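Here is a briefing for a reader new to this structure.

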Amino acid sequence: MAIFMTILQRLTYAALLLIAVLVLNFTMMNLAPGDVADTIAASMGGADAELMDKIRAEYGLDQPFIVQLGAYIGRVLSFDLGYSYFYNAPVTELIFERLPATLLLVIAAQVLALVIGVLLGVFSARHPNGVANYFVTLFALFGYAAPVFWTGILLLIGFSLKIPLFPVAGMSDVTIEGGFFVKALDIAHHMVLPVITLGSIFLALYSRLSRASMLEVLGSDYVRTAKAKGLSPREVTLKHALKNALPPVVTLAGLQFSAVISGAVLVETVFSWPGLGQLALTSILARDTPTILGILFFSALVVIIGNLLTDLVMRMIDPRVRGRA
Amino acid sequence: MTEPLLKIENLRIELALRSGQAPVIDDLSLELRPGETLSFVGESGCGKSMTALAIMGLLPEKVGSIAGGRILFDGRDMAQMNDAQLRSIRGNEISMIFQEPMTSLNPVYTVGEQIAEVLRRHKGMSKQAAWARAIELLDAVRIPNAKSRVSDYPHQMSGGQRQRVMIAIALACAPKILIADEPTTALDVTVQAQIFDLLRDLGRETGTAIILITHDMGAVSEMADRMVVMYAGRKAEDGPVAPVISHPRHPYTKGLISCVPHLLAKLTEQRPDLTEVPGIVPALASFGADACLFASRCDMADDKCRSSRPPEVAFGEQHSACWKADQL
Ligand SMILES: Nc1ncnc2c1ncn2[C@@H]1O[C@H](COP(=O)(O)OP(=O)(O)OP(=O)(O)O)[C@@H](O)[C@H]1O
Ligand code: SF4
Ligand SMILES: [Mg+2]
């Protein structure tokens, strides 16, 4: 019962947050110069002032701001994100076409960064004077310092131009024929470099934090108890220490979700990955307001879902969180 | 006289300090007999916990090491055992409970799992059998409603209850030796008495020998059969509790006892801990000196005390390392 109430509470917060995001997005887009009428006029090769007014009236752009905002929120709540005059397609359709590619990239990069980051962190905490330790420190420094597009381009030059191990661009090879498995393998092949590029920044973050967290936990009283029970070093580390060292890392990963998405925009551009990032870039250049708003809305949605998931994982790991409302 | 269960011979433990290797325990010998309760007493920093951790093979990693001597358990030298051999003894034949019940249990597992785990590890019990036994053990350490409390997490229990859970874990495999390192220091007075009662009763029922480390002289006189008085990493005096308390053969023991006004007060009454003997314990770096380390605080000290280490002298079952033991 209690868990039901908490979930309900979290969902309410999430919904309120989403509306706040909508208001903010719409307001900001309105403050920016240029509107849909400009886009339409541009696509028609120019229009006079009278025609522009007509277009504005038709799309409700002559209404007071607050009315426009209300109408927009109403439309979004009925799952209508508007129509893109630039792409000549409904925004929802545009987004759903590309969302899977971005989600695939983002989730793969997060999982890779978390799994390898935590493993590296644990290993280097267990061997404070070993090579892994220097590797983590060095890698973390590199991961923080190197800009994503630079790492991406470097990897491209290295592993698809000089040594042609991986494809240069895109998400799949249209010429490949075969069943589901063959296609999946092809996509995985295309994913390698983008995922490494995006994951490496976060891998650096997570490995450093898990190392610090693990070092602290390994010195705790309950780890001493676990040793006093005669458990093996593996059980002590993986069963008793790791589960206690995870919460800070999970929290950080949740907080980084939005950073991973914005990182994905850059990575998609470098690797011509057909996701939301590319769509965002083109629609910004084209001042395609409905599409931009739609993408912002979906990004916020993904971040909010990511945070809800983080919350859920934390509850699974730590019974003390479960006790709280 | 029965064969000792645990026999420590000339144990030397060194710590890697910034200034180099320094002994924290120097030439310590003692015996623990089956089923008896032996108490370690002495001021903070004199090496009681270090000795206990050495027996467990749990000296602080990369800092503490056994530099000499033997720890004979059932005739085998634990100081020479490898980690796998030690692990099969730890928590099984020798187990230990610690001073801080609030933090000694793992917060993310149920208490039942934490008890059942040792049974699976050492007794090869199945999940169900171990869980059922965990409930019996919780009951044995007098936690009411054991059946429902077994799935509680540590944060749902009080300090006293957590220490009971620690005792249940320690006694799960029916060990030959239980080391209790200041098991009640962090608890309030009425709970302290309950924990001491529990330890004493369980010790008697199961025939487990107990090494009780405590600052509470009242608890020593009530619970222990014999006691070891430690000072600055060495044994000052040891022997059966009654003669040591009524006729101490070392000025340090005398000082400790005179600090406690009502030694034989009831366990349930509040008693002062060992208060200070005037002066302070010498620095860790001087623990290896060839002298009586108590000399700076002893009003009987003379030049001989300051220039050579006193040997152990026997008075029946009582031993004292003092040049003037026979004058006391
Ligand atoms: N990890 C460590 N590194 C360096 N020195 C240590 C370490 N642990 C303990 N010591 C030192 O070793 C000495 C003996 O410590 P020990 O814990 O055995 O004392 P104790 O008799 O148990 O004292 P207390 O009554 O306070 O528990 C102390 O001087 C302490 O400062
Ligand atoms: S040996 Fe000397 S200094 Fe040491 S306790 Fe005995 S009398 Fe005091
Ligand atoms: Mg201690």
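Buried area is the accessible area (1.4 Å probe) that two parts lose on being put together, summed over both. Between chain A and chain B it comes to about 2300 Å², with carbon and sulfur atoms giving 53%. The model is predicted: local features need pLDDT of at least 70, side-chain atom pairs count only at pLDDT 80 or more, and totals for chains, interfaces and linings use all residues. Residues are numbered from 1 along each chain as its sequence is written, chains are lettered from A in the order in which they are written, and side-chain values use heavy atoms, leaving out hydrogens and water.

**Interface of chains A and B**
- Chain A brings 22 residues and chain B 27 residues to the contact, where contact means heavy atoms within 4.5 Å.
- The rule finds 5 salt bridges across the interface, a salt bridge being a side-chain nitrogen of Lys or Arg within 4 Å of a carboxyl oxygen of Asp or Glu.
- A salt bridge joins the side chains of A:K229 and B:E117, at 2.7 Å from N to O.
- On the side of chain A that touches chain B, α9, α10 and α14 (319-323) of chain A each supply at least two residues.

**Helix α9 of chain A**
- Helices are DSSP runs (H or I, at least four residues), numbered from the N terminus.
- In α9 (residues 221-228) the buried residues are A:Y222, A:V223, A:T225, A:A226 and A:A228; buried means under 20% relative accessible area (1.4 Å probe, protein chains only).
- Their cover includes α8 (180-218) of chain A and α1 (48-56) of chain B.
- A:G230, with a positive phi near 85°, follows α9 of chain A.

**Residue A:S124**
- A:S124 lies in helix α5 (residues 91-126) of chain A and is buried, at 0% relative accessible area.
- A:S124 touches A:A132, A:N133, A:V136 and A:R211, not counting residues up to four places away in sequence.

How values were computed
Buried < 20%, exposed > 50% of the residue type's maximum accessible area, 1.4 Å probe, protein only.
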